[in-house]
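Here is a set of questions about labels and the values behind them. Each answer sets a value against its cut-off.

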Amino acid sequence: PTMKGHTGGVLSLRRGAVYATANKQKIVFRSSTECKLVGLHDVMPQIIWTNNFLSGQGFSMDSALVNQGNISAILLEENGRGSSSKRTGHINVRCFFIKDRV
């Protein structure tokens, strides 16, 4: 085993999926929290693009619902560095743009 995490995401509108992705991450992470943050970071551009596209077409989206099962990752996504501890202090700043979008 390579110990690399897997990323997956599904974007659905109304009743069906319009975008789905699943792939193995390219690097090994030190924690599952970091793995989940990078996974959301990889999917977030598609969510933002779809939201902007639909807004340009005249549809309004109030918000995007992001489901996440890792409590540590949820706290970091919502609070950024404010929820960081010794174990998550090494996480790259590039992942914290999610805080501005969630």
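Q: How many aromatic pairs does the rule give in this predicted model?
A: The count is one aromatic pair. Its members are Trp-49 and Phe-53.

Q: Why is the pair of Trp-49 and Phe-53 called stacked?
A: Two values decide it. The ring centres of Trp-49 and Phe-53 are 5.2 Å apart, and a pair needs centres within 6.5 Å. The angle between the planes is 10°, and stacked requires under 30 degrees.

Q: What separates Trp-49 and Phe-53 along helix 1?
A: About one helical turn, because Trp-49 and Phe-53 are four residues apart in helix 1 (residues 32-56).

Q: Is Phe-53 buried, partly exposed or exposed, and what makes it so?
A: Phe-53 has 41% relative accessibility. Buried means under 20% and exposed means over 50%. The value for Phe-53 lies in between, so Phe-53 is partly exposed.

Q: Why is Thr-7 called buried?
A: Thr-7 has a relative accessibility of 6%. The cut-off for buried is under 20%, so Thr-7 qualifies. Thr-7 sits in strand 1 (residues 6-13). Across the protein, 28% of the 102 residues count as buried.

Q: How do you know that the side chains of Thr-7 and Gln-25 make a polar contact?
A: The distance is 2.5 Å. A polar contact needs N or O atoms within 3.5 Å, one able to donate a hydrogen and the other to accept it. The side chains of Thr-7 and Gln-25 are listed as such a contact.

Q: Which residues does Thr-7 contact, leaving aside neighbours within four places in sequence?
A: They are Thr-21, Ala-22, Asn-23, Gln-25, Gly-39, Asp-42 and Val-43. Val-43, with the sequence neighbours up to four places away again not counted, touches Thr-7, Gly-8, Gly-9 and Thr-21.

Q: What makes Leu-11, Leu-40, Val-43, Met-44 and Ile-47 a nonpolar core?
A: A core takes buried residues of nonpolar kinds, joined through side-chain atoms within 4.5 Å. These five residues form the largest nonpolar core. Helix 1 supplies the largest share of this core, four residues. In soluble globular proteins, nonpolar side chains tend to be buried together.

How values were computed: Residues are numbered from 1 along each chain as its sequence is written. This is a predicted model: local features need pLDDT of at least 70, side-chain atom pairs count only at pLDDT 80 or more; totals for chains, interfaces and linings use all residues. Side-chain values use heavy atoms; hydrogens and water are left out. Rings of Phe, Tyr and Trp (its six-membered ring) pair if their centres lie within 6.5 Å; planes under 30 degrees apart count as stacked, over 60 as edge-to-face and the rest as tilted. Helices (H or I, at least four residues) and strands (E, at least two) are DSSP runs, numbered from the N terminus. Buried means under 20% relative accessible area, exposed over 50%, partly exposed in between (1.4 Å probe, protein chains only). Contact means heavy atoms within 4.5 Å.
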